[in-house]
Amino acid sequence: MWQALYTELAPKGFLPIAVAFDSAGTAAAEPWIKAATPTYPCLIDRRHIVAVLCDMVNVPPAALVDGNGKAIRRAGTAARAGRAAQGG
């Protein structure tokens with residue numbers, strides 16, 4: 001889903017950043033990231049710092065951030081944020 005949105009909306013400045021919240025780190029998350037073959041940034045957060053800072057409790061979590069770094073839609077599900085990015 002995110003790769004398709006990125007491909008479509010990148011010319012308009014859309015950039016998804018995936019964050020894997022996995023205490024097992026690279027060994028657990030990297031195979032999933034590689035399988036998805038994303039061309040956008042993917043990070044691995046072993047200590048769930050991003051989840052705490054962004055108050056992300058839904059699975060999978062998502063937030064839309066504008067070009068100024070302001071969260072315009074926070075802590076929703078990834079599917080709902082994807083629809084919002086498409087204007088829905």
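Predicted model: local features only at pLDDT ≥ 70, side-chain atom pairs only at ≥ 80, totals over all residues.
Student: Is Thr37 buried or exposed, and what is its phi?

Tutor: A residue counts as exposed over 50% relative accessible area, and Thr37 has 58% relative accessibility, so Thr37 is exposed. Most residues other than glycine have a negative phi. Thr37, which is a residue other than glycine, has a positive phi, near 45°.

Student: Which loop holds His48, and what is the phi of His48?

Tutor: His48 is found in the loop between β2 and α3. Although His48 is not a glycine, its phi is positive, at about 60°.

Student: Which backbone nitrogen does the side chain of Asp45 reach?

Tutor: Asp45 belongs to strand β2 (residues 42–45), and the loop between β2 and α3 is where His48 is found. At 2.9 Å, the side chain of Asp45 reaches the backbone nitrogen of His48.

Student: Asp45 is buried yet has no salt bridge; how far away is the nearest side chain of opposite charge?

Tutor: A salt bridge requires a side-chain nitrogen of Lys or Arg within 4 Å of a carboxyl oxygen of Asp or Glu. For buried Asp45, the nearest side chain of opposite charge is that of Arg47, and no salt bridge is present. Leaving aside neighbours within four places in sequence, Asp45 is in contact with residues including Val19, Phe21 and Val50. The distance to Arg47 is 5.9 Å.

Student: Which residues of helix α1 are buried, and what arc do they cover?

Tutor: In helix α1 (residues 2–9), the buried residues are Leu5, Tyr6 and Leu9. They lie on the same side of α1 because the arc they cover around the axis is only 100°. The face of α1 turned away from this buried side carries the exposed residues Ala4 and Thr7. To return to the values asked for, the buried residues are Leu5, Tyr6 and Leu9, and their arc is 100°.

Student: How far apart in space are Cys54 and Ala71?

Tutor: Cys54 is placed in the loop between α3 (49–53) and β3 (61–65), and counts as partly exposed because its relative accessibility is 29%. Cys54 and Ala71 are 17 residues apart in sequence, and their C-alpha to C-alpha distance is 9.2 Å.

Terms used. Residues numbered from 1 in each chain as written. Heavy atoms only, no water. Helix = DSSP H or I, 4+ residues; strand = E, 2+ residues; numbered from the N terminus. Buried < 20%, exposed > 50% of the residue type's maximum accessible area, 1.4 Å probe, protein only. Lys, Arg positive; Asp, Glu negative; His and termini not counted. Polar contact = N/O pair within 3.5 Å; in protein donor to acceptor, adjacent residues only side chain to side chain. Contact = heavy atoms within 4.5 Å. Arc of directions from axis to C-beta.
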